[in-house]
Amino acid sequence: MGVRFVHHCALRWSDMDAYGHVNNTRFLTLYEEARVAFIYVLAKERGGPSLVDDGTVIARHEIDYLRPVVYRTHASEAPPPPPHVRVELWIENVRGAQFTVVYELFDGDRLASRARTVCVLFDLAGQRPRRMTEWERDFLSRYEVAA
């Protein structure tokens with residue numbers, strides 16, 4: 001059984017919408033930040049190629065909004081820490097040329113949203129899907145959880 005990758009994303013004032021909570025489209029950006037940290041930064045830190053450098057495109061997104069996320073400020077003279085949300089992600093359905101990233105977004109300890117992204121490994125020069133390398137499969141399998 002794989003482990004979850006955890007990423008903390010800062011919220012900005014501009015993330016709010018007219019209803020005073022984080023806009024629904026911003027959730028997609030928060031999930032993107034966590035996914036990029038996972039497949040780009042972490043992969044390079046572990047000595048492998050980035051899945052982004054070798055070509056990965058998005059085939060599908062789906063998001064369930066469970067509760068609003070509110071941008072909180074603090075009444076204090078000291079600068080407050082920026083508000084954050086925690087995104088936990090793991091991998092499902094690793095196949096020859098694609099995998100699915102599954103996410104949960106937490107506001108404090110409260111689950112606020114769930115999402116899934118189908119990623120396709122892509123040959124940028126040839127403009128077609130490409131097969132997963134052994135290194136990529138090994139890297140993703142550490143975070144893979146059966147669907």
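I looked up F139 to begin with: it is buried, with a relative accessible area of 0%. My rule here: buried means under 20% relative accessible area, exposed means over 50%, and partly exposed is in between (1.4 Å probe, protein chains only).

Before going on, I noted that this is a predicted model, where local features need pLDDT of at least 70, side-chain atom pairs count only at pLDDT 80 or more, and totals for chains, interfaces and linings use all residues. Residues are numbered from 1 along each chain as its sequence is written, and side-chain values use heavy atoms, with hydrogens and water left out.

**Aromatic rings**

I counted eight aromatic pairs in the structure. Two rings of Phe, Tyr or Trp (its six-membered ring) pair if their centres lie within 6.5 Å; planes under 30 degrees apart are stacked, over 60 edge-to-face, and the rest tilted. I took F38 and Y143: their ring centres are 4.9 Å apart and the planes sit at 85°, so I wrote down edge-to-face. F38 lies in helix α1 (residues 24–45) and Y143 in the segment after α2 (134–141), so this pair ties together parts 105 residues apart in sequence. Helices (H or I, at least four residues) and strands (E, at least two) are DSSP runs, numbered from the N terminus.

Are F38 and Y143 buried or exposed? F38 has 0% relative accessibility, so it counts as buried. Y143 is buried too, at 4%.

Next I checked W135 and F139, which form a stacked pair with 5.3 Å centre to centre and 5° between the planes. They are four residues apart in helix α2, so about one helical turn separates them. W135 counts as partly exposed, with 25% relative accessibility, whereas F139 is buried. I also noted that ring pairs link F5, F38, W135, F139 and Y143 into a cluster.

**Strand β3 and its neighbours**

I then moved to strand β3 (residues 84–92), which is mostly covered: eight of its nine residues are buried. Which strand runs antiparallel to β3 and is joined to it by six bridges? That is β1 (residues 5–10). Strands pair, by the rule I used, if DSSP finds at least two bridges between them. F5, a member of the ring cluster, stands opposite L89 in β3.

β3 also pairs with strand β4 (residues 98–107), in the antiparallel sense, over seven bridges. The two form a hairpin with five residues between them, and N93 in the turn has a positive phi of about 55°. I found R86 standing opposite F106 in β4. R86 also lies over the face of F106, at 4.3 Å from the ring centre. (A charge sits over a ring if NZ of Lys or CZ of Arg is within 6 Å of the ring centre and within 35 degrees of the ring normal.)

**Salt bridges**

A salt bridge is a side-chain nitrogen of Lys or Arg within 4 Å of a carboxyl oxygen of Asp or Glu. By this rule I get eleven salt bridges. One of them joins E88 and R4, with the closest N and O atoms 2.8 Å apart. That pair links distant parts of the chain, since E88 is in strand β3 and R4 in the segment before β1, 84 residues apart. E88 is buried, at 14% relative accessible area, while R4 counts as partly exposed, at 38%.

I looked at D15 and R12 as well: they form a salt bridge with the closest N and O atoms 3.4 Å apart. D15 is buried, at 3%, and R12 is partly exposed, at 47%.

The side chains of E104 and R114 also meet in a salt bridge (3.4 Å, N to O). E104 is in strand β4 and R114 in strand β5 (residues 110–123), ten residues apart. E104 is buried, at 12%, and R114 is partly exposed, at 39%. Salt bridges that share partners join R4, R86, E88, E104 and R114 into one network.

**Whole chain**

To finish, I zoomed out. The protein chain has two helices and six strands, in the pattern β-α-β-β-β-β-β-α along the sequence. Its C-alpha trace spans about 50 × 30 × 30 Å along the principal axes. Of its 147 residues, 42% count as buried.
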